[in-house]
Amino acid sequence: MKSGARAEPALGVAAMAAPRDFHLEDFLPYQLSVAAARVSRLLSQRCAIAHGLTIPEWRVLTTTARFGCVSPTAVGEWTAMDKVKVSRAAAGLVARGLLRQTADPHDGRGRLLRMTRKGAGVYQGIVPLARALEATLADGIGRSQGAALSKALLRLNAHVQQVNGAAHEDAAD
């Protein structure tokens with residue numbers, strides 16, 4: 001086998017019945033998922049080394065920094081993370097003194113997250129790491145392709161939300 005070539009797995013009965021013209025590695029949702037996972041691992045390694053944060057913790061911390069005071073539900077919506085992941089990340093950040101959690105005065109069951117001074121210090125240390133990683137990634141594809149990718153991802157995200165909203169409306173009917 002050539003260096004860098006992918007090994008073809010042995011075909012089972014189910015695989016032989018599947019269409020031969022479908023290759024997972026060419027499927028856009030798969031490509032996006034793999035790229036996102038790899039970039040998240042890079043960021044996670046850098047944040048963990050520098051500040052001991054996981055990716056979910058980083059997302060909760062940066063979202064709280066952006067909005068100042070935010071509910072865990074809003075964090076989940078903003079970051080596309082599920083409730084359990086947001087809750088665990090927020091609990092870890094609160095336990096480490098990076099965030100403060102208080103009752104929501106407008107919702108007796110709701111909670112609000114706010115940055116502490118310690119959290120703000122960690123956030124200030126993370127921003128340069130995130131920007132450096134973004135620059136490293138941009139170096140790999142060039143400035144114009146990076147800008148085009150960013151624009152395409154924004155459009156794709158908006159389209160997915162629109163399609164998802166329509167699907168929820170159809171299910172409610």
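Leu113 is buried, with a relative accessible area of 0% (buried means under 20%, exposed over 50%, partly exposed in between, with a 1.4 Å probe and protein chains only). Leu113 sits in strand 3. This is a predicted model, where local features need pLDDT of at least 70, side-chain atom pairs count only at pLDDT 80 or more, and totals for chains, interfaces and linings use all residues. Residues are numbered from 1 along each chain as its sequence is written, and side-chain values use heavy atoms, with hydrogens and water left out.

**Around Leu113**

- Beyond its neighbours within four places in sequence, Leu113 is in contact with residues including Val60, Thr64, Val75, Ala90 and Leu99 (contact means heavy atoms within 4.5 Å).
- Gly68, Cys69, Val70 and Pro72 are also among the contacts of Leu113.
- Arg100 and Gln101 touch Leu113 too.
- Leu113 and Phe67 lie 46 residues apart in sequence and 9.7 Å apart in space, C-alpha to C-alpha.

- Three strands make an open sheet in the order 1-3-2, with antiparallel pairing (strands pair if DSSP finds at least two bridges between them).
- Strand 1 and strand 2 stand at the edges, each with a single partner strand, so one side of each has no neighbour in the sheet.
- Helices (H or I, at least four residues) and strands (E, at least two) are DSSP runs, numbered from the N terminus.
- Strand 1 (residues 69-70) runs antiparallel to strand 3 (residues 107-115), and two bridges join them.
- Six bridges link strand 2 (residues 99-104) to strand 3, again in the antiparallel sense.
- Strand 2 and strand 3 form a hairpin with two residues between them.
- Arg114 in strand 3 is the bridge partner of Cys69, and Arg114 is also the bridge partner of Arg100.
- Helix 3 lies across strand 1, strand 2 and strand 3, at about 90° to strand 3.

**Helix 3 against helix 4**

- Two packed helices are described by the angle between their axes and the distance between the axes.
- Helix 3 (residues 55-67) packs on helix 4 (residues 72-79) at about 105°, with the axes 10 Å apart.
- Axes are lines fitted to C-alpha atoms, for helices over the stretch in contact, and angles run from 0 to 180 degrees between N-to-C directions.
- Helix 3 and helix 4 are therefore roughly perpendicular to each other (65 to 115 degrees; under 35 is roughly parallel, over 145 roughly antiparallel, the rest oblique).
- From helix 3, Arg59, Val60, Thr63, Arg66 and Phe67 meet Val75, Trp78 and Thr79 of helix 4.
- The residues of this contact divide into four nonpolar, two polar and two charged (Ala, Val, Leu, Ile, Met, Phe, Trp, Tyr, Cys and Pro count as nonpolar; Asp, Glu, Lys and Arg as charged; the others, Gly among them, as polar).
- Thr63 belongs to helix 3 and is buried, at 4% relative accessible area.
- Not counting residues up to four places away in sequence, Thr63 touches Val75, Trp78 and Thr79.

**Aromatic pairs**

- The structure holds two aromatic pairs.
- In one of them, the rings of Phe67 and Trp78 have centres 5.0 Å apart and planes at 90°, so the pair is edge-to-face.
- Rings of Phe, Tyr and Trp (its six-membered ring) pair if their centres lie within 6.5 Å; planes under 30 degrees apart count as stacked, over 60 as edge-to-face and the rest as tilted.
- Phe67 lies in helix 3 and Trp78 in helix 4, so the pair ties together parts 11 residues apart in sequence.
- Phe67 counts as partly exposed, at 37% relative accessibility.
- Trp78 is exposed, with a relative accessible area of 51%.
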